[in-house]
Amino acid sequence: MKIVVCIKQVPDTTNVRINPETNTLMREGVESIINPFDMYALEEGIRLKEKHGGTVIVLSMGPPQVESALRDALSLGVDEAILLSDRAFAGADTLATAYTLARGIKKVGKVDVILMGRQAIDGDTGQVGPGVAENLGLPHVTEIRMIEGIEDDGTIIVERLLEDGYVRLKSKLPIVLTVVKEINEPRLPSLKGKMAAKKAEIPSWNHEDIEFDLQRIGLTGSPTQVMKIFTPPKPSGGKIFEGDVQQAVTSLLAELREAGIPIGQQREEGSRNG
Amino acid sequence: MAEPIRIIVDKCVGCGLCIKVCAYDAVSLVDKMAVLNERCTVCGACVSACKYDAIVIERRPFKGQDVESYSGICIFAENRHGALSSVVYEIIGAARELKVSLDKKISAILLGEKVREMADELISYGVDEVWMMEDSAIGDFNEEIQADLVAKILLDKKPEIFLGGGTIIGRSLLPRVAARILTGLTADCTELSIDGDNKLLKQTRPAFGGNIMATILCDSHRPQMATVRHKVMKAAEPLEGPHEGQILELSYPVLKPRVEVLEFVPEEMDTVNLADADFIVSGGRGLKDPKNFSLIEGLAKAIGGAVGASRAAVDAGWIPYSHQVGQTGKTVNPTIYVACGISGAIQHLAGMKSSDIIVAINNDPSAPIFNVAHYGIVGSLFDVVPEMAKQIKG
Ligand SMILES: Cc1cc2nc3c(=O)[nH]c(=O)nc-3n(C[C@H](O)[C@H](O)[C@H](O)COP(=O)(O)OP(=O)(O)OC[C@H]3O[C@@H](n4cnc5c(N)ncnc54)[C@H](O)[C@@H]3O)c2cc1C
Ligand SMILES: Nc1ncnc2c1ncn2[C@@H]1O[C@H](COP(=O)(O)O)[C@@H](O)[C@H]1O
């Protein structure tokens, strides 16, 4: 079985703080990490390989320093890593990113499962997974919380999270899946893995190595343009009650009712329709 | 290949504003001049921040569709289990506002097995034309099939704007459609408006877990597509009086499904359906012990709301993941969000910051949750939460 996992390197927003005066991101000391959701995709890819045999290939598009993220993935037990890197890819929106990744996957050859994260924590879009599937002409399922199993005849059964429950779905391989955190507990790198990762050769493909429609990559291939980036208005500071609990609660509830919140008044109405 | 972004040497004064706003550590000052390094992703944050117009992005957009031939606002009428999804009313609300500036008709794409009644309902809410396809082969959870149909309808009908819900289905379907018809798609918008000059759709959305906002345009491709964050825009009310609307029955071949639904397993609605809840009470590590979640449940019950949790509480195994609110959990937009024993880490805020009213209960007055809370009580949740439940129940 051939499994491709797409990972993105993102700034570690855990350490991002907001400068309270300017209300801008303070990025000091922020490292780059593998997008947290992609860690679950990697883990799931490695588990599938452990169970069914085959190879796991990790793929990322980005500037040259993304190589470090690929080495981190290799240290977990991934077999091969490929970097798609070219200044011509820069500025890609989700449409161009999906196209570029799909071309990369096409060059990898016949693939059975493509795993991706539910979304990247920098852009928070979640659009690349379905986009890759469309570009490859494959089915896709998002928000996978469990892969129940893969049969010998090449069918896969998965559980997909929805707002109001989950669905169990069956599909033929190949397929593109995007995963949520619930799916597994990612492993830590082993010493052996780290050593292997250090030595591994990571090929870097540019627009000459793969057949790309140059109209469809990078900034040129991106229909969306950012017109303006701004920080949301600073919160004005709320009303805080302290001291005697009973009094504080009474004052709070009075404020809420004054603000028009029907708190405690609609208990009997039952659930809302529509 | 030419660099897509560059610094205009004559204009840069070396003020360093661009360095502050760059999330990728891609700008530095060399000899008092901004210099970009290879980390740059051309995201455009520095271009917006520069007061001297010294950074420019040069785009040579690939030729899009014939923009002039597209007209009108179309929405995706997501439906499931025989009813329109609640986000649809919100998108109609947004579309009606856009119609005021654009003066074009509103259409809706309605697909499914038995959807005829929904078509009438859409019209009563102000949709002018329903593009309906009734076919039992379409299925509720098959985005490959639905995307194929939606793409065909959009190419035939040519609306200039196409909006879908920022729901799990919407955020899976629309990217597939955009990739098929090669147009731009903006995810999870919290604000939509029409630019006065060029009549383009201005799409505003949070990124980096809500810490920055971006306004996005799609000028050379059609339709301009966006998903709309659930529960941010005001739901439309039915129009007063009758509304003239048309139902067009369409028929296209339906793809053979490659993904097959085995079963749908509903979650216990009253406690978990956070995405739809108007009231949410959430508990965090401050609860100390799983059995104390009963306090949260008690208050949730008293106000008729759902139970949420921070990741710390979920990771500790106190409550299932489906309750987690935040960047790696659910995004919620209730009328009121009560955070109990939650510090307000940036990843948690990402999931609940746009709630209408945030109430924080925390014994640490310096907890960051108080920075976003509209109301707060500094005190122990073990005293405050039961007292609140008691007073509400009266
Ligand atoms: C990639 C990534 C993604 C993440 N995604 C999420 C996410 O989706 N959702 C999420 O929630 N977190 C997420 N986190 C984790 C986040 O960074 C925080 O660790 C987490 O939100 C903390 O949860 P907490 O507020 O419950 O716990 P703590 O930060 O430990 O806060 C507990 C609070 O309870 C208060 N307290 C203690 N005792 C009492 C008492 N008796 N009465 C009242 N108050 C009391 C304390 O003062 C404190 O403020 C993510 C982290 C990473 C790295
Ligand atoms: N540049 C990239 N390289 C590799 N994978 C990516 C890239 N961008 C996005 N992805 C994948 O697509 C998923 C969704 O990303 P996004 O649509 O940007 O939120 C991520 O979790 C990754 O698996």
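This is a predicted model: local features need pLDDT of at least 70, side-chain atom pairs count only at pLDDT 80 or more; totals for chains, interfaces and linings use all residues.

Guide: A word on names before anything else: helices (H or I, at least four residues) and strands (E, at least two) are DSSP runs, numbered from the N terminus. Residues are numbered from 1 along each chain as its sequence is written, chains are lettered from A and ligands numbered from 1 in the order in which they are written, and side-chain values use heavy atoms, with hydrogens and water left out.

Visitor: Which peptide bond in chain A is cis, around A:Pro174?

Guide: The cis bond there joins A:Leu173 and A:Pro174, with omega about -5°, and A:Pro174 lies in the loop between E11 and strand E12 (175-179) of chain A.

Visitor: How many residues of chain A and chain B are in contact?

Guide: Counting contact as heavy atoms within 4.5 Å, 101 residues of chain A are in contact with 119 residues of chain B. The two chains bury about 9900 Å² between them, 59% of it on carbon and sulfur atoms; buried area is the accessible area (1.4 Å probe) that two parts lose on being put together, summed over both.

Visitor: And how many salt bridges are there between the chains?

Guide: The count between chain A and chain B is seven, where a salt bridge is a side-chain nitrogen of Lys or Arg within 4 Å of a carboxyl oxygen of Asp or Glu. One of the salt bridges links B:Glu263 with A:Arg168, whose closest N and O atoms are 3.0 Å apart.

Visitor: Which part of chain A gives the largest share of the side that touches chain B?

Guide: That is H6(A), which supplies 10 residues. The side of chain A that touches chain B divides into 45 nonpolar, 33 polar and 23 charged residues, with Ala, Val, Leu, Ile, Met, Phe, Trp, Tyr, Cys and Pro taken as nonpolar, Asp, Glu, Lys and Arg as charged, and the others, Gly among them, as polar.

Visitor: Changing topic, what is the order of the strands in the open sheet?

Guide: The sheet has 10 strands with mixed pairing, in the order E13(A)-E7(A)-E6(A)-E1(A)-E8(A)-E12(A)-E9(A)-E10(A)-E11(A)-E17(B); two strands pair if DSSP finds at least two bridges between them. Its edge strands, each pairing on one side only, are strand E13 (204-205) of chain A and strand E17 (259-266) of chain B. Within that order, strand E6 (residues 55-61) and strand E7 (residues 80-84) of chain A run parallel and are joined by five bridges, with A:Val58 opposite A:Ala81 in E7(A).

Visitor: Which strand of chain B is joined to E15(A)?

Guide: That is strand E22 (residues 375-378) of chain B, which runs parallel to E15(A) with three bridges between them, and A:Phe241 stands opposite B:Ile377 in E22(B).

Visitor: What about A:Glu143, what is its phi?

Guide: A:Glu143 has a positive phi of about 55° although it is not a glycine. The side chain of A:Glu143 also meets that of A:Arg118 in a salt bridge (3.2 Å, N to O). A:Glu143 lies in strand E9 and A:Arg118 in the loop between strand E8 (113-117) and H4 of chain A, so the pair ties together parts that are 25 residues apart in sequence.
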